[in-house]
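Here's a quick tour of a structure you can follow along with on screen.

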Amino acid sequence: MDLEQYTTVIPVHGATLPARMVCVHAELFFIHAKTWFSDAGYVAGMKIAVLGAGAIGSTFAYHLARDGHEVTAVARGARLERLQEDRAIVLSDGARAPVAVAGTLDPTVPYDLVLVTVLAPQVESVLPALRQSAAKHIMFMFNTFEPLDRLRDAVGAERFSFGFPGGVLAHLIDGKLRRRVLRGTTVGNAAWARVFGAAGIPTVTSADMHGWLRSHAAFVIPLMSIGVVVAHRNAGITWREARRYAAALARAFHVVRGLGHAVTPTEVAWLSRLPRPLTTCLFWLMSRTQELRNLGALGAAEPRMLIDMVAAAAPGQAAELLAIRP
């Protein structure tokens, strides 16, 4: 920057300063800002692939693309066709975030991040592509109770992490994304938490994502299972049924602790210590809300999957959970 040409003065808070002085301070500010973001692990314009551009993946793709990152949405079927037509993530209000679109993950591209947002049963089919990928970092993001070692070993511990979109509420309606982004997204990598946060997805970190995921599964299994029932019957559960779901919740948390994890985060740990009659009452009341019916409308596949995972992790200890399997 040629500062000698700046000879005029600029008013600043009622005073006048030489323009060259203002420019010097501005340049120093941007140098320090660039250094701070670099040290924090945040770099603008990174190459990011979102593998599984459903509602959750599309939400991350939208926010990251709007924040200036080069995003590729990897999808299949009808979702792929819609993305190829739009060449963007399109919100229900018409807002758009242009993205590149692909039907498969290109293994030769050195993505800064591949964010894997497929469902747990679909992971096996994408692991070969992830093993071969030149990506620098791979973050899995879905509900699971299973050990994480297999995924870590598949992609390499040095580029593995896990996260969960706990604050993202999203649906695709006729190919358009309707989403609410709240606090609650949790990841195991602080640098990526800052990237997501800068993109408008408030994100915190957990030092024990495995324990976090298992605690979360224990918490949502009864809620999802109740949701399936009330969505089908269009009415709340009985008090007797609520007691069964409360017993299942207590058993799920017992299994988590028995596997060597502390129940986390703090809010879920607090819930795990509530007296059984109180959780019974909460489930009875929640079963009468539209939110739980909406949750149940997503189907029984996910709560069934999580219950089966708990039963496999703790053989002979999941009878109360199997009793509520939808």
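This is a predicted model: local features need pLDDT of at least 70, side-chain atom pairs count only at pLDDT 80 or more; totals for chains, interfaces and linings use all residues.

Leu278 sits in helix α10, which covers residues 276-286. Together with Leu282 and Met286, Leu278 makes up a nonpolar surface patch, and the three share about 220 Å² of accessible area.

## The open sheet

Next up is an open sheet built from 8 strands with mixed pairing, running β7-β4-β3-β8-β9-β10-β13-β14. At its edges are β7 (100-102) and β14 (203-205), each of which pairs on one side only. Going from one strand to the next, the twist averages 25 degrees.

Zoom in on β3 (residues 47-51) and β8 (residues 113-116): these two run parallel and are joined by 4 bridges. Val50, for instance, has Leu115 in β8 as its bridge partner. Helix α4 (residues 123-132) packs on the sheet and touches β3, β8 and β9 (138-141). The direction of α4 makes about 175 degrees with that of β9.

Is Ile89 buried or exposed? With 0% relative accessibility, Ile89 counts as buried. You'll find Ile89 in strand β5, residues 88-90.

Leaving aside residues up to four places away in sequence, Ile89 touches a list of residues including Ser58, Ala61, Arg79, Leu83, Val99 and Leu177. Tyr62 is another of its contacts; 27 residues separate Tyr62 and Ile89 along the chain, yet their C-alpha atoms are 5.8 Å apart.

Terms used. Residues are numbered from 1 along each chain as its sequence is written. Side-chain values use heavy atoms; hydrogens and water are left out. Patches are made of residues with over 30% relative accessible area and no salt bridge: like charges are joined within 9 Å, nonpolar side chains (Val, Leu, Ile, Met, Phe, Trp, Tyr) within 5 Å. Accessible areas come from the Shrake-Rupley method with a 1.4 Å probe; for residues, only the protein chains shown count as cover. A salt bridge is a side-chain nitrogen of Lys or Arg within 4 Å of a carboxyl oxygen of Asp or Glu. Two strands pair if DSSP finds at least two bridges between them. Axes are lines fitted to C-alpha atoms, for helices over the stretch in contact, and angles run from 0 to 180 degrees between N-to-C directions. Contact means heavy atoms within 4.5 Å. Buried means under 20% relative accessible area, exposed over 50%, partly exposed in between (1.4 Å probe, protein chains only).
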